[in-house]
Amino acid sequence: MAWFKRDRKPIENPTPVEERRVRTEGMWTKCSSCRAIIWKKDLEANWEVCPKCEHHFRLGARRRLELLLDDEHYIEHDAELASSDPLKFSDTKPYAQRLKDAQHKLGMKDAIVTVEGRMNGRPVMCCSMEFGFIGGSMGAVVGEKVARAIERSLAQGLPLIVVSCSGGARMMEGAVSLMQLAKVSAALGRLDEARVPFISLLTDPTTGGVTASYAMLGDLNIAEPGALIGFAGPRVIEQTIRQKLPEGFQTAEFLLDHGFLDAVVPRKELKPYIGQALDFFLG
Ligand SMILES: [Zn+2]
């Protein structure tokens with residue numbers, strides 16, 4: 001004998017199974033740190049910070065400007081500057097094609113956005129890197145845009161904020177990308193002589209040639225929690241020095257403990273923190 005009997009016909013779902021799957025796909029994401037399942041909208045509203053464990057996900061270049069600047073009434077500089085592929089480089093795919101794909105996907109010509117806007121009412125020059133564009137790598141365009149932003153800061157006496165998010169120099173441009181390190185560093189030297197403040201914000205990841213140039217040259221070098229920051233990767237270092245590396249090596253917190261950074265600041269506190277620092281620098 002059955003415990004209960006269903007009188008009516010079961011309710012039919014008008015949506016076929018495949019469509020139902022498509023509708024929910026991509027709406028959720030898993031936190032790589034605490035493995036919590038998070039609704040993407042929640043993550044977005046929380047500036048891409050896990051609401052459960054405060055893990056900082058990567059933030060796009062434009063979203064970063066939204067976070068730091070007062071409004072979107074900023075002037076973008078050199079938006080049309082694009083790489084000329086000086087070496088006609090090709091690996092698994094021609095570099096020219098890689099550039100075209102990234103430009104199409106992200107709607108930007110290279111891996112950085114440089115703007116002049118307002119932060120807490122104060123005019124600032126701000127550069128924001130985009131990791132989605134060939135790993136945020138620094139080729140001639142990124143180097144030139146940063147150098148021009150520095151020159152504009154210098155000419156107008158505007159404080160400079162550079163947000164790094166990069167795998168390093170762009171190997172597809174060979175020595176041309178390495179030259180950017182010297183160019184940008186020399187320009188920052190002039191900014192320093194003119195006593196115009198430069199705040200460098202290092203986000204996950206900041207490595208290679210970017211760490212070796214402007215990212216570590218700030219009057220204030222600050223990072224987001226948990227960010228990977230280094231020059232060479234841990235495997236290369238272990239093989240070179242033939243020693244096991246300590247726990248947490250190359251994280252923002254480790255670097256702060258060892259005097260390479262001035263502060264580790266959570267994403268939501270960045271704007272007031274930088275604002276206060278600029279008040280201090282500029283009196
Ligand atoms: Zn989490």
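# Notebook: sheet, zinc site, packing

I began in strand E8, where Leu220 is the bridge partner of Ile199. Strands here, like helices, are DSSP runs numbered from the N terminus (helices are H or I with at least four residues, strands are E with at least two). I count two strands as paired if DSSP finds at least two bridges between them. E7 (residues 198–206) and E8 (residues 220–223) meet that with four bridges, in the parallel sense.

A note on provenance before going on. This is a predicted model, in which local features need pLDDT of at least 70 and side-chain atom pairs count only at pLDDT 80 or more, while totals for chains, interfaces and linings use all residues. Residues are numbered from 1 along each chain as its sequence is written, and side-chain values use heavy atoms, with hydrogens and water left out.

**Entry: whole chain.** I find ten helices and nine strands in the protein chain. Its C-alpha atoms fill a box of roughly 90 × 50 × 50 Å along the principal axes. Of its 283 residues, 43% count as buried. My cut-offs are under 20% relative accessible area for buried and over 50% for exposed, with partly exposed in between (1.4 Å probe, protein chains only). For contacts I take heavy atoms within 4.5 Å. Among contacts with a separation of 6 or more, 66% come from residues 24 or more positions apart.

**Entry: the sheet.** In what order do the seven strands run? I read E3-E4-E5-E6-E7-E8-E9, an open sheet with mixed pairing. Strand E3 (75–77) and strand E9 (263–264) stand at the edges with a single partner strand each, so one side of each has no neighbour in the sheet. Helix H10 (residues 270–282) packs on this sheet and touches E4, E5, E6, E7, E8 and E9. The direction of H10 makes about 175° with that of E8. Axes are lines fitted to C-alpha atoms (for helices, over the stretch in contact), and angles between N-to-C directions run from 0 to 180 degrees.

I then checked the pairings of E5. Eight bridges join E4 to E5, and the two run antiparallel. They form a hairpin with two residues between them. Asn120 in that turn has a positive phi of about 50°. Met119 stands opposite Arg122 in E5. With E6, E5 pairs in the parallel sense over four bridges, and Met125 stands opposite Leu160 in E6. E5 is mostly covered, with six of its eight residues buried.

**Entry: zinc.** Which residues coordinate the zinc ion? I list Cys31, Cys34, Cys50 and Cys53, each through SG, at 2.3 to 2.4 Å. Donors are N, O and S atoms within 2.8 Å of the metal (3.2 Å for Na, K and Ca); water is not among the atoms, so sites may look incomplete. The donor angles are 106 to 111°, and the site is tetrahedral. That label needs four donors with all angles between 85 and 135 degrees. The ideal tetrahedral angle is 109.5 degrees.

The donor spacing in sequence is C-x2-C-x15-C-x2-C. Cys31 sits in the loop between strands E1 and E2 and Cys50 in the loop between helices H2 and H3, so the pair ties together parts 19 residues apart in sequence. Cys31 counts as buried at 1% relative accessibility. Cys50 counts as buried at 0%.

**Entry: H5 against H6.** Helix H5 (residues 140–156) and helix H6 (residues 174–193) pack at about 10°, axes 9 Å apart. That makes H5 roughly parallel to H6, a label for angles under 35 degrees.

**Entry: single residues.** Is Glu224 buried or exposed? Buried, at 2% relative accessibility. Glu224 lies in the loop between E8 and helix H8 (234–241). Leaving aside residues up to four places away in sequence, I see Glu224 touch His56, Arg64, Thr203 and Arg267, among others.

Phe281 is in helix H10 and partly exposed at 33%. From Phe281 to Phe198 I get 9.7 Å, C-alpha to C-alpha, across 83 residues in sequence.

Thr240 lies in helix H8 and counts as exposed at 60%. The C-alpha atoms of Thr240 and Ala140 are separated by 30 Å, at 100 residues apart along the chain.

Technical notes. Tetrahedral: all angles 85-135°; square planar, octahedral: opposite > 155°, others 65-115°. Parallel < 35°, antiparallel > 145°, perpendicular 65-115°, else oblique.
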